[in-house]
Amino acid sequence: MPDKKILVNYTNRDFNSIKADLEEHARRYYPDTYKDFSENSFGSYVLDTVSYVGDMLSFYLDYQVNETFLDTAVEYENVRRLARNTGYRFTGRPAVFATATFYVIVPANTSGIGPNSALIPILKTGTEVQSSNGTTFVLTEDVDFSNEKNEVVAARFSNTTGKPTDYAIRAHGQIKSTVMFRTTLNVGSLARFLRLRVGGSRIAEIHSVVDTEGHDYFQVDHLSQDVVYVNTTNPNAAADGVPQIIKPKIVPRRFVVEQDETGTYLQFGYGTDEELVTTDIADPSQIALKMTGRPYITDTAFDPTKLLDSNTLGVAPANTTLTVLFLQNDSDSVNVAQGNLNTVSLGLLTFPNPDGLTDSLQASVRASLEVSNDNAIVGESSLPTSDEIRYRSYAAKAAQQRSVTRNDYEAYIYMMPPSFGAVKRASVINDPSSSNRRLSIYVVSADNQGNFVSTNSTTKENLKQWLNKNKMLNDNIDIFDGKILNIGFDYEIMVHPTKDKVEVLNAVNRKLETELRNKMYIGEPFYLTNIFSIINRVDGVVDTTKVTPVLKNTTGYSSAPVSIEEMTSPDGTFLKAPKNVVFEIKYLNSDIRGTAI
């Protein structure tokens, strides 16, 4: 007797449809066994339980499938992992660069005219300064107080002769917010593809990794990359004026950096020291000798992969201790008001010619060191949103590590390592007045509250150097500040007679704050029709009768030499943004005002 075929509907996935299908199945195939289909029967309880389980399984199945694709992923960490597969890298919170002003008091020379040159110090890289709120900044360059560009003024005078006894020297130096930290990692026996946790997720840069035997490990973009370029001292620096030269270096000991919400990790390959063949700078002559010394011929072409006879994706450390130096912001808030950078926590002062200088004189100069900031320090320490990561990763995949099109340049801008600073929005346009492929790049950054601010000069210079290594040879780049225009709007709505006007207005404001939370892009128009659509979807709103845009240019907002009428389109449906302008609703809770009728 053939088996009875039972029809099953595999498209039913929610509670109601699953239960309806089960009831239909019971009625059809078990009419004599199960007859009570009332809501309070035990059989109905069993059907409810099975339907509930089926509904939950369907939900989590859909959720897991969605989280495996970049287009549909919701979880922030999943978006970051999927974006990493496309070539987009974002690691750590970006450093903030600024210019600090340093003061030092130097005793006068014997004549009293000018400071004593032997006591004019050099402030070394690594000096740490702090603001009133405890944020630490590190000096990134030596500050020579003897530089002729520095301002020198008489600070103290003799009561008897009236001649100056001390001079104050004012100099400037570049600082950044990331601070150097040190940690050690104990490594046991060899583990293939060893993965070690260095610290938290705020690390901006891995500075160095050294094992107990003194071997250096180098950070690479991917483990198959076995050559990096290092700076070496130029022996002819005095003649040609170039202090350092770049040379290729084979790096069998290498790692990549991975980061998620749980921390920052070092990922190594699976090789061992015994498999290591060469570690020095590539020398093609060694390969040529090896090939021509054979009594037979295999291939006369030069194979660059023979420079490192290893397919293990790098050497993994084993039975050693790794010393890791890394940089990160020591505070989530890196904004410093003008003049609030006022403490030298670690002053590294040296004297070019200390011979003949007494300890008391040197100590006096060291104690006089002070610091301040002439301008407010504003920088972004927040991470990009899921949507920003998603769309940047699309562009990064299309760019393929080169900058040719407009989108390629924008993708590469957002991929700049955080230790060099960061920009929130960037726009690349062709300069119509140029005949030599000149590109104008407009950028803006964001502060700790996410509000747009101008990008500091150091970050823009770093960005230009970052783009130079991947740009087209005949492309010329200019980087400018994007213009920030703060706007708001007033709206008027009709509320259903059965609804409370205050509750509906509050619901509309909450909805608008949610929808408009994401910042706009440079050159993006602001569509008033979208505001009508958002408001009309709120329960209790009969219709939106009016939306009036307002330009905010009072204290606390950016200044704008334009009027709202100049930017409004002829049909009044949107605000036009020039190519170098970005619109911003700075304070969502006060720049959006509504009335109900």
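Let's start with two helices. Helix H7, residues 386-399, packs against helix H8, residues 406-414, at an angle of about 115°, and their axes are 8 Å apart. Axes here are lines fitted to C-alpha atoms, for helices over the stretch in contact, and angles run from 0 to 180 degrees between N-to-C directions. Helices (H or I, at least four residues) and strands (E, at least two) are DSSP runs, numbered from the N terminus.

A word on the source. This is a predicted model, where local features need pLDDT of at least 70 and side-chain atom pairs count only at pLDDT 80 or more, while totals for chains, interfaces and linings use all residues. Residues are numbered from 1 along each chain as its sequence is written, and side-chain values use heavy atoms, with hydrogens and water left out.

Back to the pair. H7 passes H8 in a left-handed crossing. Left-handed means that the near helix is turned anticlockwise from the far one by less than a right angle. Which residues in H7 and H8 meet? From H7, they are Arg392, Ala395, Ala396, Ala398 and Ala399. From H8, they are Asn407, Asp408, Ala411 and Tyr414. Contact means heavy atoms within 4.5 Å. By type, the residues of the H7 contact with H8 divide into six nonpolar, one polar and two charged. For that division, Ala, Val, Leu, Ile, Met, Phe, Trp, Tyr, Cys and Pro count as nonpolar, Asp, Glu, Lys and Arg as charged, and the others, Gly among them, as polar.

Now look at one residue of that contact. Alanine 396 sits in helix H7. Alanine 396 counts as buried because its relative accessibility is 6%. The cut-offs: buried is under 20% relative accessible area, exposed is over 50%, partly exposed is in between (1.4 Å probe, protein chains only). Leaving aside neighbours within four places in sequence, alanine 396 is in contact with Thr86, Gly87, Tyr88, Ala411 and Met415. Alanine 396 and tyrosine 412 are 16 residues apart in sequence, and their C-alpha atoms are 6.9 Å apart in space.

Follow Thr86 from there. Threonine 86 is in the loop between H3 and S1. Its side chain reaches two backbone oxygens. One belongs to alanine 83, at 2.6 Å. Another belongs to serine 393, at 3.4 Å. Not counting residues up to four places away in sequence, threonine 86 touches Leu70, Ser393, Ala396 and Lys397.

The loop between helix H3 (76-85) and strand S1 (97-107) also holds valine 96. Valine 96 is buried, at 3% relative accessible area. The C-alpha atoms of valine 96 and lysine 176 are separated by 5.4 Å, though the two residues are 80 residues apart along the chain.

Next, charges. A salt bridge is a side-chain nitrogen of Lys or Arg within 4 Å of a carboxyl oxygen of Asp or Glu. How many salt bridges does that rule give? The count comes to 19.

Glutamate 388 lies in helix H7. Is glutamate 388 buried or exposed? Glutamate 388 counts as buried, at 6% relative accessibility. Not counting residues up to four places away in sequence, glutamate 388 touches Lys424, Arg425 and Tyr521.

Take lysine 424. Lysine 424 forms a salt bridge with glutamate 388, with the closest N and O atoms 3.5 Å apart. Lysine 424 lies in the loop between H8 and strand S20 (425-430) and glutamate 388 in helix H7, so the pair ties together parts that are 36 residues apart in sequence. Lysine 424 is buried too, with a relative accessible area of 9%.

Take arginine 425. The side chains of arginine 425 and glutamate 388 meet in a salt bridge of 2.8 Å, N to O. Arginine 425 is in strand S20 and glutamate 388 in helix H7, 37 residues apart. Both of these residues, arginine 425 and glutamate 388, are buried.

One more site. Lysine 19 and aspartate 48 meet through their side chains in a salt bridge of 2.6 Å, N to O. Lysine 19 is in helix H1 (residues 15-29) and aspartate 48 in helix H2 (residues 42-66), 29 residues apart. Lysine 19 is buried at 10% relative accessible area, whereas aspartate 48 is partly exposed at 23%. Lys19, Glu39 and Asp48 are linked in a network of salt bridges.

Last, the whole chain. The protein chain has 13 helices and 29 strands. Buried residues make up 41% of its 597 residues.

Technical notes: A polar contact is a pair of N or O atoms within 3.5 Å; within protein, one must be able to donate a hydrogen and the other to accept it, and residues adjacent in sequence count only if both atoms are side-chain atoms.
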